[in-house]
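Please read them with the coordinates open.

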Amino acid sequence: GNKYRGGGVLSDAMIEQYEEDGVIVFRNLISSKLLDKLDEASEILVNEHQEKEGRKKRQQFHMVKNHAIFLGVPSTDKQSCSSSNEEGVCIPKDDETETDGAITDDDDTMSAFRHLAMYSKIPRVAASLLRLDELRVGGAEHLNLPRQLPDDPEPNHTVDDSINLRICRDIFLTKDDDDYACGWHVDDTGFWPSIASDPGVNAWIALDDMPYQWSRKKLPKHLATDDEQPPTNQTHTAVATFALSLGSHRAPWRQEAYEVTGSTHTLPPEGFLSAADMIKRRSGKGTCNIKTSAPHLYEKLEENKIVYDIKKGDVIFHDRWLFHRTVTVAEYEKQLMNDLGESLKLERSDKIFRRYSIRYSPGSARVPPGYGVEPSVLYNAANANRTLDEIVESDGPWYPEVWPRLKENDETDNIGGLVDLVHEKMPQAEIARDERKKEIRMALKKGGGP
């Protein structure tokens, strides 16, 4: 139809196509002002990482920063915003003076990740892709389109206020020219901490251009160009980008793929007891190794591979269970060589390609029980096997609610709980997580023995 939801950008036909393919891409969904702030914030993170860690080889990613939404939170419960606008940008109080807890320029910059994940159109699109807007009002026929605010159903119609959307995990990632990368996979509980029956949408945001000329004929009209192959008369620089396998979230062989990669679907219902138990009882031969553990499935995934011709600011929404993988610089260079042969002018740069991933799930999603590395559970063991809603209600905003649409002053009202989480609870959880990862590494070396 011609009625649009998800902040005015999704038609019913687009949602149906998303459900078939498992992916949809948007351009110009993020304001230029917020994109500039994200550029600045991500550069700060990369520079800090470079100074501390440098570049290590045989790493899936050059940098992994979990919980970027919690950056830029002032260290006391004082908040120097009178409100936030739709993009989440702080509106200072006119009479604000320099005090402890006031938002600094650095805080405002680093909070760009939170503003994108919580206040932009992205969570509204994710909620509609999951059809939570329909569930909330008892069916699509009750949606008050075209206005379509999630808290504006048909007049006098009852809504189910228990239906909501939360951030289950967010990760800022960078990839350099390292040839090592994870093969076709779906995210395990380390990157998506909820049980297998829970739905989810990943919003994958490009923070750099990642051109890929070979896909242009397959793109939607608003993203496509007429070029089929890269021109031969210029120097080419390979990029590290992102591949998805269309329809793999509903493929008849997907359960076999889950088994060989040890995905969340294969975990024991009660969870693992220890690191040794995790190594011993986990199925398959690793999340990233389907090319060697099941070559016939790898070929099926490759047959339906799509790599988008990405511009900075593009947003790829994909189903939680859609198989995906990194395209390395080396793979990109190989494809250029196959096309252009001896005429290829190739230049390898030291550029780092930035992307930001936000994993959205309903508040009813349940954190897995048993042994693991989830921060909310490491801080408070009682949070295992609780829903995201239950954890937030009892223990603070580990999984912020992003839909129905937040009121302007929600962050101001809840800043105390957020400060406590970021500056008290999260540091304790991260210490425990480092210890837990050491236990897992030791168990791997021992081969999972007692």
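The points below go from the whole chain to single residues.

1. Basis of the note. This is a predicted model, in which local features need pLDDT of at least 70, side-chain atom pairs count only at pLDDT 80 or more, and totals for chains, interfaces and linings use all residues. Residues are numbered from 1 along each chain as its sequence is written, and side-chain values use heavy atoms, with hydrogens and water left out.

2. Secondary structure. The protein chain contains 15 helices and 16 strands. Both are DSSP runs numbered from the N terminus: helices are H or I with at least four residues, strands are E with at least two.

3. Burial and surface. The protein chain has 450 residues, and 53% of them count as buried. Buried stands for under 20% relative accessible area, exposed for over 50%, and partly exposed for values in between (1.4 Å probe, protein chains only).

4. Contacts along the sequence. A contact means heavy atoms within 4.5 Å. Of the contacts in the protein chain between residues at least 6 apart in sequence, 80% join residues at least 24 apart.

5. Helices α2 and α4. How do the axes of helix α2 and helix α4 cross? Helix α2 (residues 32-53) and helix α4 (residues 112-119) have axes that come within 8 Å and cross at roughly 135°. The axes are lines fitted to C-alpha atoms, for helices over the stretch in contact, and the angles run from 0 to 180 degrees between N-to-C directions. α2 and α4 are therefore oblique to each other. On this scale, angles under 35 degrees count as roughly parallel, over 145 as roughly antiparallel, 65 to 115 as roughly perpendicular, and the rest as oblique.

6. Residues between α2 and α4. From α2, Leu-34, Lys-37, Leu-38, Ala-41, Ser-42 and Leu-45 meet Ala-112, Phe-113, His-115 and Leu-116 of α4. The residues of this contact of α2 with α4 divide into seven nonpolar, two polar and one charged. Here Ala, Val, Leu, Ile, Met, Phe, Trp, Tyr, Cys and Pro count as nonpolar, Asp, Glu, Lys and Arg as charged, and the others, Gly among them, as polar.

7. Lys-37. Lys-37 is found in helix α2 and is buried, with a relative accessible area of 13%. Lys-37 and Met-110 are 73 residues apart along the chain, and their C-alpha atoms are separated by 8.0 Å.

8. Disulfide. The structure holds one disulfide, the term being used for a pair of cysteine sulfur atoms within 2.5 Å. The partners are Cys-182 and Cys-288, with sulfur atoms 1.9 Å apart. The link of Cys-182 and Cys-288 is left-handed, with -95° about the S-S bond. Cys-182 lies in the loop between β7 (165-175) and β8 (201-206), and Cys-288 in the loop between α8 (275-281) and α9 (290-293), so the pair ties together parts that are 106 residues apart in sequence. Cys-182 counts as buried at 9% relative accessibility, and Cys-288 counts as buried at 18%.

9. Backbone points to check. Most residues other than glycine have a negative phi, and most peptide bonds are trans. Trp-403 and Pro-404 are joined by a cis peptide bond, with omega about 5°; Pro-404 lies in the loop between β16 (401-403) and α14 (410-413). Arg-131 has a positive phi, near 60°, and lies in the loop between α5 (122-129) and α6 (132-137). Asn-385 also has a positive phi, near 70°, and lies in the loop between α12 (375-379) and α13 (388-395). Arg-131 counts as partly exposed at 22% relative accessibility, and Asn-385 counts as partly exposed at 37%.

10. His-67. Which residues does His-67 touch, not counting residues up to four places away in sequence? They are Arg-169, Asp-170, Pro-375, Met-426 and Arg-433. His-67 lies in the loop between β4 (63-66) and β5 (81-84) and is buried, with a relative accessible area of 11%.
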